[in-house]
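Please look over the sequence and the structure below before reading on.

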Amino acid sequence: MFARKGLLTLLALGLGAVQVAGDNRLQGIYALAKRQVPNHANAFSFALVDGEADTFVVSDTHNGVHVECTTVSACARGLYAYLTQRGGVDIWWTGSRLSQLPARLPKVGEQIKGQAIVPYRYHFNTVTFDYTSAFWDFEQWELELDWLALRGVNLPLAWVGYEYILIETFREAGLDDDDIADFLSGPAFQAWNRFGNIQGSWGGELPMQWVNDQFALQKRIVQRMVDLGMTPVLPSFTGFVPRALSKLYPNASIVTGSQWSGFPAAYTNDSFLEPFDPLFSTLQTSFISKQQAAYGANVSHIYTLDQYNENDPYSGDPDYLRNISAGTFASLRAADPDAVWLMQGWLFFASEAFWTDERISAYLGGVPGNDSMIVLDLFSEAAPQWNRTQSYYGKQWVWCELHDFGGNMGFEGNLEALTQDPITALHSPGSSMKGIGLTMEGQEGNEMLYDIVLDQAWSPTPLNISTYVNSWTTRRYPVKPLPKAALEAWTTLAQTVYNNKDPNTQATIKGIYELAPSLTGLTNRTGHHPTAIPYNTDSSVISALKLLLQAKAQHPSLALVPEFAYDVVDVARQVLSNRFVDLYVTLVDAYTSPSSTPSAVSAAGQPLLALLADLDALLYTNEHFLLSTWIADARKWARGAHAYGAYLEYNARNQITLWGPDGEIDDYASKAWAGLVGTYYKARWAAFVEYLAQTKRTGDAYNATVLAGTLLEIGKKWDNGTWGTGPGEWWGVRGDTWEMAEKVLKVWA
């Protein structure tokens with residue numbers, strides 16, 4: 001395995017700078033072992049050797065376990081291979097259980113060998129930094145980064161703290177703080193400001209305390225990424241600028257971008273400094289030099305830069321597009337001679353009508369050399385673009401699973417596509433695929449679907465799904481003997497919910513109770529925000545819930561396993577979400593019936609409200625399904641300052657509800673969270689039922705505009721609330737998971 005090739009391959013790919021620097025390059029891995037397996041940390045040893053890129057061998061020593069590897073990332077993956085394959089423990093989004101290794105370390109026995117099939121293992125979507133990690137502190141980031149490192153990720157996106165350096169760059173260019181403040185967006189919406197979709201903040205100006213705190217946090221994140229053998233993908237100057245820059249530089253080539261998602265002009269139509277203008281390169285050099293001074297000159301040479309995410313270019317002329325990308329890349333290389341441009345390929349799917357093959361070829365062709373750019377094929381599992389672009393015309397690209405939009409939490413997946421399609425793409429004729437990664441918008445649920453993709457990056461053949469599911473379940477519920485019913489529950493889910501071949505519903509399924517109530521348009525939606533349920537509820541999630549509770553009855557200690565409790569709540573949540581659809585159809589039928597009466601409509605609406613009350617009570621029993629956690633995470637950054645705390649809470653509330661000052665993309669980032677269900681969704685549905693009954697009483701026609709106005713007012717009032725001051729607004733968990741799960745089966749199954 002370790003043919004003596006040195007680290008030249010990694011260096012050529014831009015991933016070796018950190019790993020070969022200094023004599024202490026494994027300190028981060030030893031620190032990882034101390035954090036995750038403190039009682040056994042001294043039993044693990046690591047050694048870097050020359051050899052093929054990203055390989056490891058794990059073997060026994062006379063006093064412990066030895067991991068030999070060619071990169072720091074491979075060392076982390078080798079440690080993970082031992083912990084999971086021999087130790088039977090794992091690390092999850094809900095927490096690490098790696099410290100539950102047996103007191104006597106299991107022997108390795110036959111050596112464990114591994115090799116990555118691609119040089120890049122990528123993680124993060126730009127918008128994940130708002131939909132999931134907007135308010136994370138370093139403790140939360142630490143768990144995330146350990147999870148990534150152990151699974152072999154070596155190329156994570158690192159957006160936190162971007163605004164600090166951007167502000168300094170704009171100040172150096174001569175802009176005053178008021179002009180800059182008018183441009184920047186709130187903490188829960190910064191991703192779309194970075195994309196050039198929005199500008200300004202409808203909840204109040206972005207405070208410098210936030211900017212400074214996030215910059216300090218980013219320093220710790222970047223250093224930890226480096227310590228763990230990762231190359232952070234760092235921000236760069238994208239070209240989006242405050243409107244005032246055109247007054248300061250009247251001869252600069254600045255154009256106005258397109259409107260985004262119905263936002264009023266005050267908050268969109270961002271100004272874009274065209275990259276062939278010399279000022280673009282000046283600002284790029286200013287930005288990158290400041291970033292290098294902050295984090296280190298050789299931390300990374302890979303830069304994220306997206307200019308046309310859901311905004312079309314000023315011109316579709318191929319020469320114009322070629323000049324845009326050529327100028328952009330030239331600015332990166334002027335600032336960093338080793339720069340590599342990484343971009344999300346979402347634009348080629350989302351604006352497919354604009355991005356013809358000719359225009360894509362021109363835009364990518366403006367960047368000289370194929371190793372100078374990395375394209376994230378963002379939605380590979382459902383809408384790949386690599387195959388229509390001749391493997392991105394030779395540019396390096398990464399096969400990515402998107403799947404989750406807005407942090408939605410409904411069950412859905414296609415395990416077969418996730419294991420087979422990356423291998424097919426890698427070996428397709430003329431393939432320039434160099435990576436496998438995750439680009440979900442939100443990191444919420446369906447965890448197996450993401451684990452399997454990162455594991456596939458270390459297997460040259462498609463993983464066996466049934467074997468994988470059994471091994472994954474056994475690690476997730478580490479009780480012995482694990483009841484067969486627990487394995488059967490996940491086999492059932494794998495064969496139904498996670499075996500979705502319907503091309504029209506390849507994304508997390510949104511519960512319709514999370515949407516603004518309406519007589520039409522809620523059910524059977526397709527696309528990447530589907531509500532259609534592509535499986536039979538009775539033979540999938542209800543069956544799985546029964547099996548999980550059966551397993552608990554057979555082995556009561558399962559109740560003490562955090563991931564088991566989480567999964568029971570999650571499966572029961574999905575049961576209720578699906579059953580809500582049936583009740584909604586009954587309500588609509590009652591309303592549209594020729595013999596409909598106000599009392600009949602009210603009666604048909606009561607079961608919906610009762611179900612939402614039970615859903616809220618169910619979710620309250622688990623710490624990972626709480627709105628109060630999201631709000632508390634936001635408010636903690638205020639450190640007790642009342643006005644700042646209210647500002648942060650408004651941002652947190654608005655993102656998951658109205659998403660804009662007037663509900664421009666309302667419910668996009670909806671969540672199945674206790675408190676949100678009980679105080680917001682239920683309130684909207686109660687108003688809807690009352691409105692329907694009222695029209696029957698008065699004889700007025702159903703008026704969708706009037707209803708929408710009522711719902712918008714409910715949203716605005718809710719967004720301006722303070723958690724803990726109203727009925728049903730509790731902090732922390734309450735109730736009993738097992739009682740509620742049994743009630744779900746008894747009442748709603």
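A polar contact is a pair of N or O atoms within 3.5 Å; within protein, one must be able to donate a hydrogen and the other to accept it, and residues adjacent in sequence count only if both atoms are side-chain atoms. The model is predicted, and local features need pLDDT of at least 70, side-chain atom pairs count only at pLDDT 80 or more, while totals for chains, interfaces and linings use all residues. Residues are numbered from 1 along each chain as its sequence is written, and side-chain values use heavy atoms, with hydrogens and water left out.

Start with Thr473, in helix 18 (residues 465-476); helices (H or I, at least four residues) and strands (E, at least two) are DSSP runs, numbered from the N terminus. From Thr473, the side chain reaches the backbone oxygen of Val469 at 2.7 Å. Leaving aside residues up to four places away in sequence, Thr473 touches Leu482, Ala486, Leu487 and Trp490, where contact means heavy atoms within 4.5 Å. Is Thr473 buried or exposed? Thr473 counts as buried because its relative accessibility is 0%; buried means under 20% relative accessible area, exposed over 50%, partly exposed in between (1.4 Å probe, protein chains only).

Now turn to the aromatic rings. Rings of Phe, Tyr and Trp (its six-membered ring) pair if their centres lie within 6.5 Å; planes under 30 degrees apart count as stacked, over 60 as edge-to-face and the rest as tilted. Searching the whole structure gives 64 aromatic pairs. One of these, Trp386 with Trp397, is stacked, at 5.4 Å centre to centre and 10 degrees between the planes. Trp386 sits in the loop between strand 14 (373-377) and helix 15 (390-393), and Trp397 in strand 15 (residues 396-401). Both Trp386 and Trp397 are buried. Tyr477 and Phe564 form an edge-to-face pair, 5.1 Å centre to centre with 80 degrees between the planes. Tyr477 is in the loop between helix 18 and helix 19 (484-495) and Phe564 in helix 21 (residues 562-592), so this pair ties together parts that are 87 residues apart in sequence. Tyr477 counts as buried because its relative accessibility is 0%, and Phe564 counts as buried at 0% as well.

Ring pairs also build a cluster, whose members include Phe240, Phe272, Tyr308 and Trp341. Trp386 and Trp397 are among the residues linked in this cluster.
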